[in-house]
Each structure stands twice: as structure tokens, then as C-alpha cells.
Amino acid sequence: EGSNYNVQLPVFSIHGNHDDPAGDGGLAALDLMSTANLVNYFGRANDIASVRLYPILIQKGITKLALYGLGHIRDERLHRALERKEVSVARPSKDTDQWFNLLALHQNRHERGAGDGKKGYIKESQLPSCMDIVVWGHEHKCEIGSGAGTEAVGNNFVVLQPGSTVATSLVEGEAEDKHVGLLEVRGDQWKFTALPLETVRPFILKDVVLQDYEQEYDFNDEPTLMAFLEEKVEAAILELRERHTTTALTKAAENRAKFPLVRLRVDYSGYSTCNPQRFGQRFVDKVANPSDILLFTRKARKKAEAAAAAEARDEGAYDGGEPDDARTQIQSFVGEFLQKGSKEQLRLLAEHELNTAVFEGYVEKENKSAISAAVDEKLRQVRELLNGERAKGFDEGPDRKAKETFIEDMLAKQPHRTAPAAGAASSS
């Protein structure tokens, strides 16, 4: 503590997946803010192989609060650490059971991705059972609007998921009303109050199936199609106006209310589409996203059961996390293209390692060498294995196919290994 600083309302913060420690010094953006005494940065795991959670102990009157934090760790890695019991919790040595335990976390809460990437999330049942409340970050969908949390699945604590404060992508989970929360703790009792954010840019998402209106309209005629969709967008804007009647207090808030976000998902199965950019010109002075209003979708050509399952998964089950709808689609396409047994299947680099290098390293962190670093690291691992005890007898026989099969079998027997983290690929 510095005697020259008087902080009326201290702020405690963990890092997320966009501001995690990186670079030569392993610094995060929060390190700069902490050095300037603007925030209290905590929850950083320095040893990924053995994560230990230490609490910040705060006592006021009869209330004893143990504040735990865990900044973002790549989900696959943390998942394995939890499964292997490599995450431990330091408890107060005195009056251990009298402390109210709260954990701040920033990880995927739901399964995402495609192909081999099925462990890219953290299960509630994996987290320490000694917690009373877990405040779950990273997920964008607001689940505290009712003023209550959700009981953890397979555990004893309550999960509070505030969600993002603004809509960052035009998906269903972002269309929920945004809130922040006020948590009051007294002894072992707590009270939670959801506070609606009234200056967020309004966002509405609507679904339209053209086949439901084919008796009334000729959608093969583009002007008719655009006029019909214009009516639907106008109706959505009117619904937003009626829903948000609060008078804006600032010019910026007034601008956000004047130009809302509108997304119309149009199932055009059996018909053609129109140009979304040209259609959006009709709403340049009415919405904030004129070129992105329309999203044309089409049912997959599969059996009825498979199509229904895919629609439920892709359209109705968005859980409000990172805006990864495009990412998930791309991973699905790549997974199908590289599926096992095809001539394009990957032989050394696993699909989940490719996904990590492309999306986390190259896309999210703009590391231009992420993909090549992942390939080089994989080659290094293979050479290391071939030079070890497992590779005895490898050079026996001239059959190249047998050698390739030997290498694949050898890799399959290894523990699950992932590509190096973006920004630190060559240092591991």
C-alpha cells in the first residue's frame, strides 16, 4: 500500500483472452494499469503446469470475503489441468469455514468448435467445490437479468454470468438486455441485484422463413423480395422504439438509441437472394449496421432428422460467448475437408492444433508466424519421439508405408499435446 494514494472504490480485475500476458516479459495490459495504481491486477497463473489459487482476504465487520481469481488460460490446457487435479486452492489458515469464497473466472462455459476441439470449455463440475459464488466472464450472453444466478451443474456454488456490456456481434445471445450486477455479502448470506444498462445501443434479431409466406408473395421477383424484407426490418425497428422509451441523457446515448442494430436472418430455401449491401442502403439513416442487416441462411440437404438437429444446434442454441459463429462454421468446413480417411487428412498436425494456431494465434493475436511455428513445433516433437526409446527399430525395413503407419501409431499413443500458445510458440 502506498501512503500517497487514497482509493475510495478499489477495483480488482483478472485478465481475459484478449489482454492475456504475452511477449518477452509476459506482460498484460493490466500490468500497466496496476503499476499506475488504477486497478488491482490479480489471478495470474505463472505456472500452468501447477495452478494454485491464492485469495485476497477482505474483512469488514462480521463479513469475511476470500476473493479468488483466475485469468484466462487456453481452455484446452486448463481443462486438462482440472482433470488431472493440477489446480489447487489455498484456504485461509484461520476460521477456514467462516470465509465467503468468490471466484472470478474468464473461460468458455459451453462446448464450441468442431472436429477434434471438443474440450474447448470448462465444466462447472471441474471447479473447486469450496466456492460459494463463481462470477463467470468471457461469455457474452447476459444471464443475470432476473436478479439471480444459476445453480452449478455437478457442484455446490452459484454461477453469475453478467455477459458483455455491449453487443459485439450480431448473434442471438447478444440480443438479450444488458445488465451489470451488485453483489452484497453479509456473513454467509448474499443478495444480488441486476442493474439494467440504459445507454447500450439497442439490438434486435428476427428470423424470417420465406416459405411461410410463399402463398402471399412471389419471392422469385427481387423487388417483391426486397419490399417484403423492408417491411420486416421496419417492424423490427418499431418494436425496438417501443421497447426502449427511456430518454437519453447524453448526445452519445441519444445517437445509439437513434441508430440501433438490426439483424434479419432469412431462410431463403427454394428461392434466390438479393444483395444485402444494396438492400441496406434503404436504412442508412435508420440503423447502425445497414450493410449487415440481412443474413441469408439455407437448410442443409440432409435427412429430416439431421436437418432439424443442425438447425436447433446452429440457430437456437447460441450460448452468448465469444462471437465465434463464423469461426465455428469455418472449423466445421475444415473438419469435413480433413476428415479421417480422406486423402486430405492431416497426418502429423492434429486438427485442434491447426485451429489453435489459425484462430488464436494468427487471427486473434495477429501473430503472423503462428501457423509456421505450430508446424515447426510439431516436427520438433516428432523428431524428439523418433530419437527416443519409443523409436527403437524404426529404420528396419524399406517399406515407406510401414514407416508412416509406425509414426502415426506412435503419435496416437502419446498424451494429448497441443500446439504452442500464440506469441510464445518458439519459446516452449
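I took strands (E, at least two residues) and helices (H or I, at least four residues) as DSSP runs, numbered from the N terminus. Two strands pair if DSSP finds at least two bridges between them.

The model is predicted, so I noted its terms: local features need pLDDT of at least 70, side-chain atom pairs count only at pLDDT 80 or more, and totals for chains, interfaces and linings use all residues. Residues are numbered from 1 along each chain as its sequence is written, and side-chain values use heavy atoms, with hydrogens and water left out.

**Mixed sheet.** I looked up an open sheet of 6 strands, with the order β4-β5-β7-β8-β10-β9 and mixed pairing. Its edge strands, each pairing on one side only, are β4 (56-60) and β9 (150-151). I found β4 joined to β5 (residues 63-70) by 5 bridges, running antiparallel. Isoleucine 56 stands opposite leucine 67 in β5.

**Hairpin.** I then checked β11 (residues 179-186) and β12 (residues 189-196), which run antiparallel and are joined by 8 bridges. Histidine 179 stands opposite proline 196 in β12. The two strands form a hairpin with 2 residues between them, and glycine 187 in the turn has a positive phi of about 65 degrees.

**Parallel sheet.** I found 3 strands in an open sheet, order β13-β14-β15, with parallel pairing. β13 (203-209) and β15 (294-297) are the edge strands. Seen from β13, the pairing with β14 (residues 261-267) is parallel over 7 bridges. Leucine 205 has arginine 263 in β14 as its bridge partner.
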